[in-house]
Amino acid sequence: MRCALSTLQGLSKSLLTARTSSHPAPLVAQPSPDTMHLPLLRTLVPVLMLAAVGLFSPGAHGADAGPFVFPSHRHAGDVKTACDAVMADLGAQERRVAAGQGGGNVLLGMERLNQTAEDRVYVLAFLANVHPDKGLRDAAEACELRYQAFSSRLFQNEKIHARLQAHEAIDPVDAQFRRDLLASFEDAGVALAPARRDRARALNNEIARLGQAFERRVREDRTRVPFTVAELEGVPEGVWSKAPLDARGRRLIGLDYPSYTPVVESARNPATRERIWRAFQNRGGDANLRTLARIGQERRAYARLFGLSSYADFAIRRRMAGDVGRVQSFLGEVKGVVEQRELRDIADLRAAKAADLGTAPEATTVRRWDASYYVERVKRDRFALDQNSFRQHFPPQASVDFVMALAGRLFDVGFRPLAQTLWHPDAQAYEVFDPASQRSIATLYLDLYPRPDKYGHAAVWGLRGSATLDGRLPTAALVTNFDREGLTLDELETLLHEFGHALHGALSATRYSSNAGTNVKLDFVEAPSQMLEEWVYDARVLALFQQVCPACAPVPADLLERAVRSRSFAKGLQFARQHLYASYDLALHGPAAPSPMATWARMEGDTPLGFVKGTMFPAAFSHLSGGYGAGYYAYLWSLAIAQDLHTAFAADPLDAVVGRRYREGVLGRGGEVDPDELVTRFLGRPPGNAAFFQWLDR
Ligand SMILES: [Zn+2]
């Protein structure tokens, strides 16, 4: 969700845009978390040749043979000092690249700039989302904005642009990198008349600032809703027993996932569900609605500088989909599959509510705060399934060990803990290594549990991309907000989804960091993670759990079987909601750039469950303020690709031969090959939507 960056290109894209996040959200409640995303670039000169020429001697630009060492920023002052130094270095590098000095061609010059930004700015952008110290977070955000301003100027540098235009690529990887860079320069406004160019820069910087403010208000929201113990009937005691008390002795329940979700899914009292649901819907508040409106207007103004009528036109022309019409046509097909099914789901929920309350179904109305509760109830009644029953089987640390074991089995990699001083005692570091040679492949950081002011969804930050040209190893940080008591099956799916993003980075073997890992087109970036979600529903896969945690009780076969069957229930409701989010995003970024709240009230009002007056869901929809502007459709688009990719593993989800081919052919290539071509090569045929629509209709 983040990043202000869709308008930002190239290097800057990485940063602000840089988070990859988690998957489509739980049921009816909110949008999914997403993924992040970095910049782009490419080349082709073999490493040895570069080393011989002295351009990229190992160590010179962050190339390592070993794990990444997380920098020790402890105070705002450390961040300010580090920021001053890196900004000065970036400026000096830009001048050398523009002058053709410093050795190497222009692609290598841009790659070096990217590596400097990754090593010294990306970490700060990450800390802005997870560090416990507000002063440090604020200093890190200030540095992001300085980097944004640098990036806006860099991609308008006419001398570098001219060098790129004159550059002759020596192979397809370099050619792709050059094309991506040229697109980034064009999209930053290098070819605009001077006044328009200045305006483009100002808009880019302002959109980044607004996006930060939007996200900060959501992240630092400390709303807690008071309930008596009686009002919390039905909610597992572990959820509230340690919650603080207010002056009247009521429990104060926060809006983090481990607190919010169990209340809205299991509180017997509808008034309890309504109160916490409304509080959750109103995160971000009026200030964020105003910010979102400004972002939409400024994005439209940005697109108009380029003669385009909408930001959606501007953004989508660089993606797989290519144009807005193709996205709308795809969304129309999705709607066709789920529309009637959503009505049937709601009828089921109404019947469940009527039976629960002893009312007549025709006189019973399903309210939005009822949806999650009765979905879970129907799953309990119809499938005897309670997601909480999985927690005893999936302790958090064992779950991490499990996804690592799965990655090891499929992709032939190992993981071992590293001792490093990190930003919080909960955070962990792992080295990813090659089992045969024991050599380092990547570094991975984990931060699993909620705490005040921490980023509230699940997401992965790519901190450093692979670059085979100088032996640079990738680094990523995975952030979730799990209950320390254990994971549900849904949460294990989320963990594997995020781990999929981390693997996309860790197993990347691209020539340039700018093309590494998740630096792919936005409407492809979720596909590798969404594909892996399927794995947790397979008994052969879950059996690996006992290898890493012999003391963990195995999931009974019939429990898993019921979970698989219950997955189909409420799919209409779930995907109609995803369709609404994607359509709303396109409307906000269409030619009119309409009012976010009025548009939402109208569009949600047209759905069967309607709009609830007094709520403001868009105020916390940070996908839109960030890197998924005019890109929320990417979750559905990528899911179609994911289901197609999954067909290759259908016979055996643990097939290491297919896994190896996938690792090298898809994950390993990052953004240096067009995604359509990557998928076509892997499947041995062009990709299609048939598998997705079958799955959706199942
Ligand atoms: Zn994701």
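Author: Helices (H or I, at least four residues) and strands (E, at least two) are DSSP runs, numbered from the N terminus. In this model, Ala-570 is found in the loop between helix 21 (557-566) and helix 22 (571-588). Residues are numbered from 1 along each chain as its sequence is written. The model is predicted: local features need pLDDT of at least 70, side-chain atom pairs count only at pLDDT 80 or more, and totals for chains, interfaces and linings use all residues.

Reader: What is the phi of Ala-570 near?
Author: Most residues other than glycine have a negative phi. Ala-570, though not glycine, has a positive phi, near 70°. Asp-412, in the loop between helix 16 (396-411) and strand 4 (414-418), also has a positive phi, near 60°.

Reader: Is Ala-570 buried or exposed?
Author: Count the other C-beta atoms, placed from the backbone, within 10 Å of a residue's own: 20 or more means buried, 12 or fewer exposed, and in between partly exposed. Ala-570 has 26, so Ala-570 is buried. Asp-412 has 15, so Asp-412 is partly exposed.

Reader: At what angle do helix 5 and helix 8 cross?
Author: Axes are lines fitted to C-alpha atoms over the stretch in contact, with angles from 0 to 180 degrees between N-to-C directions. Helix 5 (residues 134-154) and helix 8 (residues 194-219) have axes that come within 9 Å and cross at roughly 160°. Helix 5 is therefore roughly antiparallel to helix 8, a word for angles over 145 degrees.

Methods. Parallel < 35°, antiparallel > 145°, perpendicular 65-115°, else oblique.
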